[in-house]
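Subject: A structure to look at, with notes

Dear colleague,

Please open it first, and then read the notes below beside it.

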Amino acid sequence: MDTRRKIIDVQFYKSDSGNVPVRKWLKALPPQDRKIIGDDIRTVEFGWPLGIPLVRKIDTDLWEVRSKLSNNRISRVLFTIYSDMMILLHAFIKKTAKTPGNNLGIAKQRMSKFERRK
């Protein structure tokens, strides 16, 4: 068990209809990939703020956790910071060099909805 103090807590974005898309995405992954991503998110919880290679700012109030998975795959978990919480907005397996605009758009839309609720 980690005895260090968390700097930020993790919260999954939850849609108005009650869906938790990042949690659903994670559960569909193989266990070894879930562990890698979970360990990377935990590193952010205990080490925030962090930068490259694990975390990269991709837009105003929007960052990505960059995980290297098995079989030379990479994943991205897009998040925002609110107060002392890391809000996981969107996640995907990256297949191109640049983050596809539709993934960025989904994260921004969810961030906007989250901000309106607070």
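Predicted model: local features only at pLDDT ≥ 70, side-chain atom pairs only at ≥ 80, totals over all residues.

R73 forms a salt bridge with D33, in which the closest N and O atoms are 2.2 Å apart. Because D33 lies in helix α2 while R73 lies in the loop between β3 and β4, the pair ties together parts that are 40 residues apart in sequence. D33, for its part, is buried, with a relative accessible area of 0%.

K35 counts as exposed at 53% relative accessibility, whereas D39, at 29%, counts as partly exposed.

The other salt bridge joins E64 and R76, whose closest N and O atoms are 3.5 Å apart. As E64 lies in strand β3 and R76 in strand β4, this pair ties together parts that are 12 residues apart in sequence. How accessible is E64, buried or exposed? E64 counts as buried, at 0% relative accessibility, and R76 also counts as buried, at 5%. R56, E64, R66 and R76 are linked in a network of salt bridges, and R56 also stands opposite E64 in β3.

The model has an open sheet of 5 strands in the order β1-β5-β4-β3-β2, with mixed pairing. Its edge strands are β1 (9-12) and β2, each of which pairs on one side only, and the twist averages 40 degrees from one strand to the next. Strand β2 (residues 55-59) pairs with β3 in the antiparallel sense over 4 bridges, and in their hairpin, which has 2 residues between the strands, D61 takes a positive phi near 60 degrees. Strand β3 is also joined to strand β4 (residues 74-82), in an antiparallel arrangement with 6 bridges, where S67 stands opposite S75. The hairpin of β3 and β4 has 5 residues between the strands, and N71 in the turn has a positive phi of about 60 degrees. Because 5 of the 7 residues of strand β3 (residues 62-68) are buried, this strand is largely enclosed by the rest of the structure.

Strand β4 and strand β5 (residues 85-94) pair in the antiparallel sense over 9 bridges, with F79 standing opposite L88 in β5. Helix α2 (residues 31-47) packs on the sheet and touches β1, β2, β3, β4 and β5, its direction making about 135 degrees with that of β3. Helix α3 (residues 101-117) packs on the sheet as well, touching β1, β2, β3, β4 and β5, and its direction makes about 160 degrees with that of β5.

Lastly, please find V22 in helix α1 (residues 21-27). V22 is buried, with a relative accessible area of 2%, and its contacts beyond four places in sequence include F12, V77 and L88.

With best wishes

Methods:
Residues numbered from 1 in each chain as written. Heavy atoms only, no water. Buried < 20%, exposed > 50% of the residue type's maximum accessible area, 1.4 Å probe, protein only. Pairing = 2+ DSSP bridges. Axes fitted to C-alpha atoms, helices over the stretch in contact; angles between N-to-C directions. Contact = heavy atoms within 4.5 Å. Salt bridge = Lys/Arg side-chain N within 4 Å of Asp/Glu carboxyl O.
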